[in-house]
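Visitor: I would like to go through this model and ask what stands behind each term used for it.
Guide: Go ahead; here is the structure.

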Amino acid sequence: MHHRLISKCSLLLLLLLPGLAAAEFRPFTSGSLKEITTAHTGRPFLLVLWSVDCPPCLKELKEIGQLYPQFPPDGLVLISTDSADYADEVQKILNRYGLADAESWRFTDGFPERMRYQIDPNWYGELPRTYIYNSQHQRIGRSGILSQRILQQFITMSNHIE
Amino acid sequence: MWKAALVSKSGNLAKWLTGLALLLALSPPVQAAKDKRASHSLLEACQKASTLPSPDCGLTPTPAFDKDGKLWLVFVQNNHLYLTHSTDLGKHFAPPVAVNRVPEAIYHDGENRPKLLIGPQGQIYISWSQKGAARFTGHIRFARSLDGGRNFSEPQTVNDDLAPIGHRFDSMATDSQGRIYIAWVDKRDLVKAKQSGKPYAGAAIYYALSEDQGKSFTPNRKVADHSCECCRIAMAADSDDQIVTLWRHIYPVNIRDHAIARLGMEPPPASGQPTRATDDNWMVEGCPHHGPDLALDDNRKAHITWFTQGEKNRGIMYGRFDLARNTLETQQSIDTSSTASRPQIATAAGQLFMLWKSFNGTSTELRMRISRDNGNSWGTPHTLAETTDGSDYPLLITHGKSLFASWHTRAEGYRLIPVTTDAP
């Protein structure tokens, strides 16, 4: 009986696994930014764009990963600008920096210009690129690695709101 | 300014938010681009596993003309490089021939694409960056055909440091004597520095040359430490058989402007002394992924184009570098809009042509500006072609006085677009 229950559970797990894996990334396409801001209504968050082919991005993700436990709930949204070819690498990097359970999106459209334009018509596409949203969703865009100081500041201010 | 907004208001939440609202130049309302797409039939056809290699379905197709005006094209598909040719300016292509018999992972992004050169006797030279198992790693590879593209030599690795580290972003040029120069971005010095616990910014520029039509290459030579890690290198042979080489450099501290050097047969320091070519003061600890381009004229001037977001200039720039005096003698902004990217430059029929990509919210356009006075002034931009889906970098290619734009787009496939040299 007990044995059967275990195998039933394993079966259930097996059935669930593909679903879990698929849920790790959301495809970032037309309308996705609106979806993100709607889901985060009234809350500050950090929107971080990065790529596996960008060494400074990894440096930044490492720092963000270290501070992630102090982030407000739903305070971090990651968007990888990498194509589907790099899905495994994207996942590995997020796992390594303790960001596997952060909200993660990936460019899947094959037309990165359109995705970039949607995020910010004034962004040249350089990485890493971060937008700091306050609770009213006014935002600041910033290129290059965010300093520890800024990250700490974001955490302090955001948790204050909570 | 934004930093001050965050830091100085740390004590007061309300002030912080107000400060944020006041101090920030808020972006215009973000609107989703209209989903106006071209037919997906080509896309769908190309996604089938059984798809045969073709310039339409292959990635990063890169062209070269031979002296008879035959168009040669190399592209990447399914871990192979393929070579094909066309005798009717790209309307029809011959069945592609595989360059590497054994499949290998090949970089095929815009900054890191295969290179193709045709030698004076029709020799076909191809270089590429092989993708290593780990991120940012690879080897510089080379193969040649001496029988008009029917057979290729076994690919050889040009970098003599064989550690599984970064040797990528190959670029290739030949001089009038048929010597082949290959330069690339190399991380061996970065690795060495890391091992001894020393800081090292960026990567290095290395090169090797071949005097036997690509049968063998010299030991590798370092041109400069501290190049940017992820930008294509521009190369062209000068009239004195020096190879003018332009790359994005890292000047202290993290200023990603450009350096120029002339590579020669003699290893550095006898040749290849770098000079700062651009001074925008673009300080960024980030990855521009945006290399320069250059074209030489007969008066020892290098016409260069680059992308920057420096303090002094932003967007796409043009500059004329005097190789005799080793100085940038003029520069001009070409397009400051944020979606302008990937500039190319060419000389044809005594004029200068600049080509780049620009996204207008719906489609990506190829934009062009022409100078009839050696780069002193540039005509108004016009659109050469457009697409409503993803696209490769555009390239400019000349044959005699004729000029063409070469562009691969997901929806339309490969296009060779004639450029009218008397265009407005």
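Visitor: What makes helix α5 of chain A count as mostly covered?
Guide: The model is a predicted one. A residue is called buried if 20 or more other C-beta atoms lie within 10 Å of its own. Seven of the eight residues of α5 (residues 112–119) of chain A are buried, so the helix is described as mostly covered. The buried ones are Glu113(A), Arg114(A), Met115(A), Arg116(A), Tyr117(A), Gln118(A) and Ile119(A).

Visitor: What covers the buried residues of α5(A)?
Guide: The cover includes elements of chain A, namely β1 (26–28), α2 (32–39) and β4 (103–107), together with β22 (351–359) and β23 (364–371) of chain B.

Visitor: How many helices and strands does chain A have?
Guide: Chain A has six helices and six strands, and along the sequence they follow the pattern α-β-α-β-α-β-α-β-α-β-β-α. Of the 162 residues in chain A, 42% are buried.

Visitor: Why are β9 and β12 of chain B called edge strands?
Guide: Four strands of chain B form an open, antiparallel sheet in the order β9-β10-β11-β12. Two strands pair if DSSP finds at least two bridges between them. β9 (167–174) and β12 (221–227) of chain B each pair on one side only, and therefore they are the edges. Neighbouring strands of this sheet are turned by 20 degrees against each other on average, direction ignored.

Visitor: How do you know that β9(B) pairs with β10(B)?
Guide: Six bridges join β9(B) to β10 (residues 180–186) of chain B; at least two are needed, so the strands pair. They run antiparallel. In β10(B), Val185(B) is the bridge partner of Arg168(B).

Visitor: Which residues touch the most other members of the largest nonpolar core?
Guide: They are Tyr181(B), Ile182(B), Ala183(B) and Phe353(B), in a core of 130 residues. Strand β11 (residues 203–210) of chain B gives the most to this core, with seven residues.

Visitor: What is Ala183(B) in contact with, leaving aside its neighbours within four places in sequence?
Guide: Its contacts include Ser171(B), Ile205(B), Tyr206(B), Tyr207(B) and Leu263(B). A contact needs C-beta atoms within 7 Å, so each of these residues meets that cut-off with Ala183(B).

Visitor: Where in chain B does pLDDT stay under 50?
Guide: Over residues 1–38 of chain B. Where pLDDT is low, the predicted coordinates should not be read in detail. For chain B the mean pLDDT is 90, and 90% of its residues reach 70 or more. The model scores ipTM 0.76 and pTM 0.86.

Note on methods: Residues are numbered from 1 along each chain as its sequence is written. Chains are lettered from A and ligands numbered from 1 in the order in which they are written. This is a predicted model: local features need pLDDT of at least 70, side-chain atom pairs count only at pLDDT 80 or more; totals for chains, interfaces and linings use all residues. A residue is buried if 20 or more other C-beta atoms lie within 10 Å of its own, exposed if 12 or fewer, and partly exposed in between; C-beta atoms are placed from the backbone. Two residues are in contact if their C-beta atoms, placed from the backbone, lie within 7 Å. Axes are lines fitted to C-alpha atoms, for helices over the stretch in contact, and angles run from 0 to 180 degrees between N-to-C directions. pLDDT is the predictor's confidence in each residue, from 0 to 100. A nonpolar core is a set of buried Ala, Val, Leu, Ile, Met, Phe, Trp, Tyr and Cys residues joined through C-beta atoms within 7 Å.
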